[in-house]
Amino acid sequence: MSHCFTAVFEPCLISGKSELLRHNTRLWFKRPESPSFEGVCVGAVVGLNPGSAKGDAEVGRETFGECDPTMRRILSTFEIAFRLKGVPVPEGAYVQMLNLFNLRDERASAALALRDENEQLLADSRDKAEGRQYPFLWLAWGKSARADDVERFLAGRKEKCCWVDSRSDFHFEPPETAWLPAHPLCRTKGFKMAHNAEMIAKML
């Protein structure tokens with residue numbers, strides 16, 4: 001399948017520098033006709049912050065982009081999960097990508113430093129996609145997550161959720177400690193995409 005993503009990149013002045021925020025990020029199993037295509041959401045993944053993926057068009061409007069390694073891993077995991085369920089990926093399907101904060105930076109440590117210096121600014125620039133309900137949430141923000149970000153994000157959410165820890169154990173309740181959910185690219189020995197797909201298959 002021709003994986004791609006769509007999103008809106010918004011310019012933002014942070015600590016005297018021009019940065020980008022990424023909103024309404026949707027990961028597509030097959031490229032849709034246009035970036036604003038409505039599509040069918042099959043689930044949502046919650047990461048720490050947007051990474052290296054860049055859009056094709058100017059900022060401020062919906063654009064296509066090429067998936068980064070995390071996005072590709074997420075889509076491939078879902079594809080395996082659909083095969084395990086014995087059903088095809090729905091036509092026009094996508095996975096919503098949400099983040100604990102929306103500053104685009106592939107260096108998590110640098111993004112977290114800017115987040116700490118500009119907490120209110122980033123809080124005021126949250127992704128409106130957070131306000132929607134999704135079929136389920138795959139919590140996958142990794143060990144660098146801040147407890148207050150996790151608490152804020154999960155407050156009031158009613159969706160079922162899942163996450164996998166660094167030992168590859170599955171969980172289906174919100175984590176008691178913020179850093180427990182593993183990132184999809186976790187490098188711990190034995191952490192495998194096909195195994196994680198078994199967890200996603202239970203949610204589909």
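**Exercise 1. Which backbone oxygen does the side chain of Arg 26 reach at 2.8 Å?** Work out where Arg 26 sits and what surrounds this residue.

*Solution.* Keep in mind that we're working with a predicted model.

- Step 1: find the spot. Arg 26 belongs to strand β2, which covers residues 17-28.
- Step 2: answer the opening question. The side chain of Arg 26 gets to the backbone oxygen of Phe 37 at 2.8 Å. There's also the backbone oxygen of Pro 35, reached at 2.9 Å.
- Step 3: look for a charged partner. Arg 26 is buried but has no salt bridge. Glu 62 is the nearest side chain of opposite charge, and the distance to Glu 62 is 4.0 Å.
- Step 4: check the neighbours. Leaving out residues up to four places away in sequence, Arg 26 touches a list of residues including Cys 4, Thr 6, Tyr 94 and Gln 96. Pro 35, Phe 37 and Glu 62 are on that list too.

**Exercise 2. Is His 3 buried, partly exposed or exposed, and which side chain does His 3 join in a polar contact of 2.7 Å?**

*Solution.* 

- Step 1: His 3 comes in the segment before β1, the strand of residues 4-14.
- Step 2: use the cut-offs. Buried means under 20% relative accessible area and exposed means over 50%. With a relative accessibility of 23%, His 3 is therefore partly exposed.
- Step 3: find the polar contact. The partner is Glu 79, side chain to side chain.
- Step 4: Setting aside neighbours within four places in sequence, His 3 is in contact with Trp 28, Phe 29, Cys 67, Leu 75, Ser 76 and Glu 79.

**Exercise 3. What is the order of the strands in the open sheet, and which strands are at its edges?**

*Solution.* 

- Step 1: read across the sheet. The eight strands run β4-β1-β2-β5-β3-β6-β7-β8, and the pairing is mixed.
- Step 2: pick out the ends. β4 (62-65) and β8 (170-171) are the edge strands, since each of them pairs on one side only.
- Step 3: see what packs on the sheet. Helix α1, residues 69-85, does this and touches β1, β2, β3, β5 and β6. The direction of α1 makes about 15° with that of β2.
- Step 4: zoom in on one pair. β6 (residues 137-139) and β7 (residues 161-164) pair in the parallel sense, over two bridges. Here Leu 137 stands opposite Cys 161 in β7. As background, strands of a sheet pair through backbone hydrogen bonds, either parallel or antiparallel.

**Exercise 4. Which residues of helix α2 are buried, and what covers them?**

*Solution.* 

- Step 1: list the buried residues. In α2, residues 108-117, they are Ala 110, Ala 111, Leu 112, Leu 114 and Arg 115.
- Step 2: recall how a helix turns. An α-helix has 3.6 residues a turn, so residues three or four places apart point the same way.
- Step 3: name the cover. What lies over these buried residues includes β1, β2, α3 (119-123) and α4 (147-154).

**Exercise 5. How many salt bridges does a search of the whole structure find, and which residues are joined into one network?**

*Solution.* 

- Step 1: count. The search finds nine salt bridges.
- Step 2: take the pair Asp 149 and Arg 115. Their closest N and O atoms are 2.9 Å apart. Asp 149 is in helix α4 and Arg 115 in helix α2, 34 residues apart, so this pair links distant parts of the chain. Asp 149 is buried at 8% relative accessible area, and Arg 115 is buried at 5%.
- Step 3: move to Arg 146 and Asp 116, whose closest N and O atoms are 2.5 Å apart.
- Step 4: Arg 167 and Asp 165 form a salt bridge with closest N and O atoms 3.7 Å apart. Arg 167 is exposed at 65%, whereas Asp 165 is buried at 5%.
- Step 5: connect the partners. Salt bridges with shared partners join Arg 115, Asp 116, Arg 146, Asp 148 and Asp 149 into one network.

Technical notes:
Residues are numbered from 1 along each chain as its sequence is written. This is a predicted model: local features need pLDDT of at least 70, side-chain atom pairs count only at pLDDT 80 or more; totals for chains, interfaces and linings use all residues. Side-chain values use heavy atoms; hydrogens and water are left out. Helices (H or I, at least four residues) and strands (E, at least two) are DSSP runs, numbered from the N terminus. Buried means under 20% relative accessible area, exposed over 50%, partly exposed in between (1.4 Å probe, protein chains only). Lys and Arg count as positive and Asp and Glu as negative; His and the chain ends are not counted. A polar contact is a pair of N or O atoms within 3.5 Å; within protein, one must be able to donate a hydrogen and the other to accept it, and residues adjacent in sequence count only if both atoms are side-chain atoms. Contact means heavy atoms within 4.5 Å. Two strands pair if DSSP finds at least two bridges between them. Axes are lines fitted to C-alpha atoms, for helices over the stretch in contact, and angles run from 0 to 180 degrees between N-to-C directions.
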